[in-house]
Amino acid sequence: MTIISEPWYLMQPTYYSGYEREQFDGYASDGFDELLTLSPEAYDVVIEGLYKRVIVQQTSKDNVLQILSKKDDFKAGDVVRHNYIDHLVMLRPQYNQMYQKSKIEMCNINLKWVDGEGIVQSHPSVYYFNARSNFGVEEGKVMTLPDGRRQTVVQRNEHTVKLKRDKRFIIGGEAFKVIDVDYVSDEGLVNLNLQSSSDLNSSVDNLELEIANYYDSIANYKIVIGNGSFATISEDQTLQLNVSVTNNNILVTTSSIEFLVSDTEILNVDEHGLITPLKTGSTSITVKYKNVSATIGISVTESTTYAYTCEIVGLEEMKVGRTQAYSVKFYRNGVEYPDESIFSITGDDEVSTTKLATINVQDSIANTCTILAASTIGYVRLHVKNQNGLSTTSKKIKIKPLF
């Protein structure tokens, strides 16, 4: 007579000491690892962006599979990419000593919409056309959807929990409106009940991308760096980046701007865009906000002592009642360079106001001015400086009679 013994794991006692439990769990884990190595149903899948080795088994329900994995490999609502197709974990996992298991269902659409910040969202979704299970993914229990009704199930996350009633979608070239939202019934999932509508509008809906209210809502962010595309600073200087962000030409107030330095050995930039040099060299800073960016090149040079001077070009005398033009040249270490000027006029003592002459016109960019002499003779002082006040000079001008 042949005696059939029970499997070893059924012969274990019901209660274990701590050591026995640890030993038994180790046997179970080793057994499942061996199964992952030998089973023809073992596959490499991607769960929420991470590669995992799991068991995937067929079920009697179309597009529904059973998944077995090590504990904590997945949870309800996770997206599992199997055989190049996204699936949703539809049920809370069940556990035993060897593995966790659940049901996954094939995603047949990507649900797309524009969120409140104008960013396109696209999420794998299970879309039911005419019928769906009345009990999740259990076999043999089916609920027929009324005409014009659809149901879609999507992962519960920070974006999908913001979906509300009356939200519009375009699916298969047809418009739908959300008539009910359920965040509670199925762990990790959002259930959307949809009603067909006949309000497709090519002026607001992107029919090619199948995104409703696209042209009304899509963001058009732009970043402008007011300092230009390139700047040079010396080792002992700092530079404040002047950055503005617009959305559809409307200024955006935000603290979420990122500053990324391509070579952090040359300079630092803080969260407010203040640049502090570390050593000489060239690098670039990329300013990022959401999905847009702009770049500025920065050259850090050795510290140099600059001598700023300027010269007023024009006659030292003029006649009463007449006008006369003057200009200024700016020099840095003896070399002329472009700058902007500010002219003023005083009495001969260089302090008091004067009625002998006035500045009639001045052009700060062209660095010119025109003086109008009054009817009284005497002396005045024409002053000029550049915008930062580092370069100043004056010229004494005699107001003389006509004859």
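## A strand pair at the sheet edge

In this predicted model, Glu317 stands opposite Lys398 of strand S34. Strand S34 covers residues 392-400 and runs parallel to S27, to which it is joined by 3 bridges.

## The four-stranded sheet

Strands S27 and S34 belong to an open sheet of 4 strands, ordered S27-S34-S33-S30, with mixed pairing. Strand S27 (317-319) and strand S30 (341-347) stand at the edges; each has a single partner strand, so one side of each is left without a neighbour in the sheet. On average, neighbouring strands of this sheet are turned by 30 degrees against each other, direction ignored.

Strands of a sheet pair through backbone hydrogen bonds, in either a parallel or an antiparallel manner.

## The largest nonpolar core

The largest nonpolar core comprises 23 residues, and Leu241, Leu267, Ile275, Ile285 and Ile298 have the most contacts inside it. Two or more residues each are given to this core by strands S16 (221-225), S17 (230-234), S21 (258-261), S22 (267-269), S24 (281-289) and S25 (292-301). The largest share, 5 residues, comes from S25.

Which residues are in contact with Leu267, leaving aside its neighbours within four places in sequence? They are Val261, Ile275, Thr276, Pro277, Leu278, Thr283, Ile285, Ile298 and Val300.

## The second core

A separate, second core contains 20 residues, including Met318, Tyr337, Ile397 and Ile399. In soluble globular proteins, nonpolar side chains tend to be buried together.

Conventions. Residues numbered from 1 in each chain as written. Predicted model: local features only at pLDDT ≥ 70, side-chain atom pairs only at ≥ 80, totals over all residues. Heavy atoms only, no water. Core = buried A, V, L, I, M, F, W, Y, C linked by side-chain atoms within 4.5 Å. Buried < 20%, exposed > 50% of the residue type's maximum accessible area, 1.4 Å probe, protein only. Contact = heavy atoms within 4.5 Å. Pairing = 2+ DSSP bridges. Axes fitted to C-alpha atoms, helices over the stretch in contact; angles between N-to-C directions.
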